Protein chains: 2
Amino acid sequence: MPLPYRYLTSLMLRYNGKGILVDCGEGTQVALRRRGWSPKPIDVILFTHFHADHISGLPGMLLTMGNAERTEPVLMIGPKGLARIVNSLRVIAPELPFEIRFLELSEREQQIDLPGEKDFHIHAFRVNHNVPCYGYAFSLDRAGRFDAARAQQQQIPLKFWSRLQKGETIETEEGTLYTPDMVLGPPRKGLKLTYTTDTRPCESIVRYAQGADLMICEGMYGEPDKAEKAREHKHMTFTEAALLAKKAGPAELWLTHYSPSLIHPEDYMDSVRRIFPASRAAKDGRTVTLAFENETK
Amino acid sequence: MPLPYRYLTSLMLRYNGKGILVDCGEGTQVALRRRGWSPKPIDVILFTHFHADHISGLPGMLLTMGNAERTEPVLMIGPKGLARIVNSLRVIAPELPFEIRFLELSEREQQIDLPGEKDFHIHAFRVNHNVPCYGYAFSLDRAGRFDAARAQQQQIPLKFWSRLQKGETIETEEGTLYTPDMVLGPPRKGLKLTYTTDTRPCESIVRYAQGADLMICEGMYGEPDKAEKAREHKHMTFTEAALLAKKAGPAELWLTHYSPSLIHPEDYMDSVRRIFPASRAAKDGRTVTLAFENETK
């Protein structure tokens, strides 16, 4: 339920000029505007599942994207039934200046790559809720470091270095083939963000949050006596989320998707941090820029 | 478009324990909660028309009413197509603990009375937008003053006075019939509220706002140079609304439904008040209690 100072749970990723939105409950477009971000560059909208708090803001968001004169297609990704549900909601947003493309997830675990983004990957993984629900992991590969000594050793002409470093394969007029791996060291650590809400703790979350830079996970209840309620409603407690993080080992854990009955999430963070110290009770508008780690050699 | 500090236009009336909601755009349930009002007693939801900014918040509102354990039926009133559109939106709110009843307006002007509310009337009247759109006038009758002298004169037994005053008709065992008009003076001025958005100025508005205690009217644009744009989009300017009020003579005019481009409505109120002095630029959450006027004799 949206509250005056707490909108419904949603995540906006910005990468390489793209906007990627995960879930769009009532008021998401207002939260986005409050953050000062435009809805126009949203190229991809993913849904974890179709409970109203994760999709009720979609018709308004689409109309606002249309008012912002977006004309490029929007890719929507979600569980089976996505097209039917979105088209049903579009009874109040029938005319849009852009096309909507649907990708309905058919596997329990599925990798999605976006056209023209060879280093960026989306992994959808089934979690355990009372309706089909997915978590998403977003990863960005990072190529190896440029190795000038290797390039020289292989007598690669200096004029090709920059293009090879950027990942281009070059064939000379004489038929010599130069590939990026000839000038690059082994791939370096990239970036990874894992997002999961509306689920009981499950093994797929641990696997897909392994070594993430940021793990965003639901924490429906902070109070220890709500453990039974969490099981019943297929949600989790703060400490259950912390135990998942302890197994997965992300750099940081953010809790979100609080019950409306949970007024002060911070009150319950001590016990969370005893299990997984790098934990935060996220608030609306919380933002971070994830950057590649400094080169160490 | 909902803005961080301006939700979409909506009106909540509370009368005799009932809640009556007019329009329900995205975020209406948040605005209601901010005001501290419960969504549970909403017995009637009226729609002026089906543009998304007037109905996009409905699925979330219905779910929240369900969470509040409402079980009594809800009456929805609106233009033709109401049931189809609401049922389409309910793809994300399929299970509710209460029944929804639909009343689709079939006439250009139509009176709707609610069961058990003989003094309260809703009048729907067509206005002039680019889709079928209605304004609504709400009126509450007020019976005449109790006239003890008349009751005595007609030798009506004292024990019946209170029941007759409350509007009851009484037949004694001997077959004598006593009716309220035997003890009441002529009907007194009741209350009237008129609400209209998304329309060009039109004659029906003047008629239904005649002598209203409060006229709430759209004012899409404050800037005088937006008159052409108002005509084109079938909306009105502040001064057009003021001219309607001048003709209808309500006790007070509130402007609402501002364009997102209109940041400071108050800037344009001087010219409005030159036409109709009792004018206000309404803001989110603005509330008034309308009371019967004091008895003068």
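Modeller: We may begin with strands: a strand is a DSSP run (E) of at least two residues, numbered from the N terminus. The model here is predicted. In chain A, Tyr178(A) belongs to strand β10, residues 177–178.

Colleague: Is Tyr178(A) buried or exposed, and why?

Modeller: A residue is buried if 20 or more other C-beta atoms lie within 10 Å of its own. Tyr178(A) has 20 C-beta neighbours inside 10 Å and therefore counts as buried.

Colleague: With which residues is Tyr178(A) in contact, leaving aside neighbours within four places in sequence?

Modeller: The contacts of Tyr178(A) are then Ile156(A), Phe160(A), Leu164(A) and Ile170(A). Between Leu164(A) and Tyr178(A) there are 7.6 Å from C-alpha to C-alpha, and the two are 14 residues apart in sequence.

Colleague: How do strands β6 and β7 of chain A run, and how many bridges join them?

Modeller: Two strands pair if DSSP finds at least two bridges between them. Strand β6 (residues 109–113) and strand β7 (residues 120–126) of chain A run antiparallel and are joined by five bridges. Gln111(A), for instance, has His123(A) in β7(A) as its bridge partner. The hairpin of β6(A) and β7(A) has six residues between the strands, and Gly116(A) takes a positive phi near 80 degrees there.

How values were computed:
Residues numbered from 1 in each chain as written. Chains lettered and ligands numbered in written order. Predicted model: local features only at pLDDT ≥ 70, side-chain atom pairs only at ≥ 80, totals over all residues. Helix = DSSP H or I, 4+ residues; strand = E, 2+ residues; numbered from the N terminus. Buried ≥ 20, exposed ≤ 12 C-beta atoms within 10 Å, placed from the backbone. Contact = placed C-beta atoms within 7 Å.
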